[in-house]
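Open the model in your viewer and keep the selection tool at hand. Each stop below says what to select and what is there.

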Amino acid sequence: MMNFHVLTLFPEMIQNVLKESITGRAIRKGSITLNTVNIRDFTDNKHGHVDDYPYGGGAGMVMQPEPVFRAYQSVKERIEEPVRVIYLTPQGKVFNQTMAEELAGEKNLIFLCGHYEGVDERVLNRIVTDNISIGDYVLTGGELPALVMIDAISRKVSGVLGNDASAEIETFYDNLLEYPQYTRPEVFMGEKVPDVLLSGHHANIEKWRREKSLERTMDLRPDLLEKANLTASDKEYLKKYMAK
Ligand code: ADE
């Protein structure tokens, strides 16, 4: 069970994505909850402004501290235990599967989505526990990064994936890429499904899949192999594969 809270100026962006597919089903089942908080509801000026010019000049607008702090308070006061507050920023630590798995162990997570040129530093210093980036590129706001993180974290929350095993044997499990998958028809555009998969011989199928994972990782992401737990026979297979 995980309760996601998202402080944003665009709550519909968050709701509309997560209501679909597996996250949507998880919300309906109660395996996860989604609470979006519109930062604009916490302004005290009649125009509903949430941003202002940067002190010192420069381009763009900066989100003001008060509405962000009040939006945070509205969530925080309903949670008893300490809660992590994730600020999505290209200056943060780059998100990966290990972080997704670690965060999936929390009961509540608060995401703060910034916009414009940023958020007033004083409120960030007071509430943020984790600065996280989803990669070395700059997006227009924190909503897409929050969605990426919530999706990746959700699938590690118990009950979200129908078949708990399918999260285990997957890309990045053990730091190897996933083996290729096939379904019907048996022949597509003249190309047949590999015979071993039709053989019903489970040990051979496992061996073939392991080898394909090793090949793929070597070809596409050799950097991952350094972190993978390779057996002696894996290493031998890769040596032969590279010699080909
Ligand atoms: N906000 C803007 N760009 C971002 C990124 N790459 N990761 C996280 N938050 C962001």
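Start with Leu-144, which sits in helix α6 (residues 143-154). Helices here are DSSP runs of H or I with at least four residues, strands are runs of E with at least two, and both are numbered from the N terminus. Leu-144 is partly exposed, at a relative accessible area of 47%. The cut-offs: buried is under 20% relative accessible area, exposed is over 50%, and partly exposed lies in between (1.4 Å probe, protein chains only).

A note on the source: this is a predicted model, where local features need pLDDT of at least 70, side-chain atom pairs count only at pLDDT 80 or more, and totals for chains, interfaces and linings use all residues. Residues are numbered from 1 along each chain as its sequence is written, and side-chain values use heavy atoms, with hydrogens and water left out.

**The patch around Leu-144**

Together with Leu-144 they make a nonpolar surface patch of about 450 Å². Patch residues have over 30% relative accessible area and no salt bridge; nonpolar side chains (Val, Leu, Ile, Met, Phe, Trp, Tyr) are joined within 5 Å, like charges within 9 Å. Accessible areas come from the Shrake-Rupley method with a 1.4 Å probe; for residues, only the protein chains shown count as cover.

**A buried threonine**

Next, select Thr-23 in helix α2 (residues 21-29). Thr-23 is buried, with 7% relative accessible area. What does Thr-23 touch, not counting residues up to four places away in sequence? Show Val-17, Leu-18, Ile-32, Asp-151 and Ser-154: these are the contacts of Thr-23. Contact means heavy atoms within 4.5 Å.

**Strand β6**

Move to strand β6, residues 108-112. Five of its five residues are buried, so β6 is largely enclosed by the rest of the structure. Colour the two faces separately. Asn-108, Ile-110 and Leu-112 are on one side, Leu-109 and Phe-111 on the other, and all are buried.

Now bring in the pairing partners. Two strands pair if DSSP finds at least two bridges between them. Strand β1 (residues 2-8) runs parallel to β6, with five bridges. Look for Asn-3, opposite Asn-108 in β6. Strand β5 (residues 84-94) is also parallel to β6, joined by four bridges. Here Val-85 stands opposite Ile-110.

**Salt bridges**

How many salt bridges does the structure hold? There are 14. Each is a side-chain nitrogen of Lys or Arg within 4 Å of a carboxyl oxygen of Asp or Glu.

Select Lys-107 and Glu-81; their side chains meet in a salt bridge at 3.7 Å, N to O. The pair links distant parts of the chain, 26 residues apart: Lys-107 is in the loop between α4 (97-103) and β6, Glu-81 in the loop between α3 (65-76) and β5. Lys-107 is exposed at 53% relative accessibility. Glu-81 is partly exposed at 28%.

Go on to Arg-84 and Glu-106. Their closest N and O atoms are 3.5 Å apart in a salt bridge. Arg-84 lies in strand β5 and Glu-106 in the loop between α4 and β6, so the pair ties together parts 22 residues apart in sequence. Glu-106 is partly exposed, at 23%.

Then pick Arg-122 and Asp-120, a salt bridge with its closest N and O atoms 2.8 Å apart.

**Backbone stops**

Select Arg-184 and Pro-185. A cis peptide bond joins them, with omega about 10°. Pro-185 lies in the loop between α6 and β8 (187-188).

Asn-175 is found in the loop between α6 and β8 as well. Its phi is positive, near 60°, in a residue other than glycine. Asn-175 is partly exposed at 22%.

Met-189 is not a glycine, yet its phi is positive, about 50°. Met-189 is exposed at 74%.

**Zoom out**

Colour by domain: domain 1 is 2-161 and domain 2 is 169-243. These bounds come from an automatic or database domain assignment. The C-alpha centres of the two domains lie 37 Å apart.
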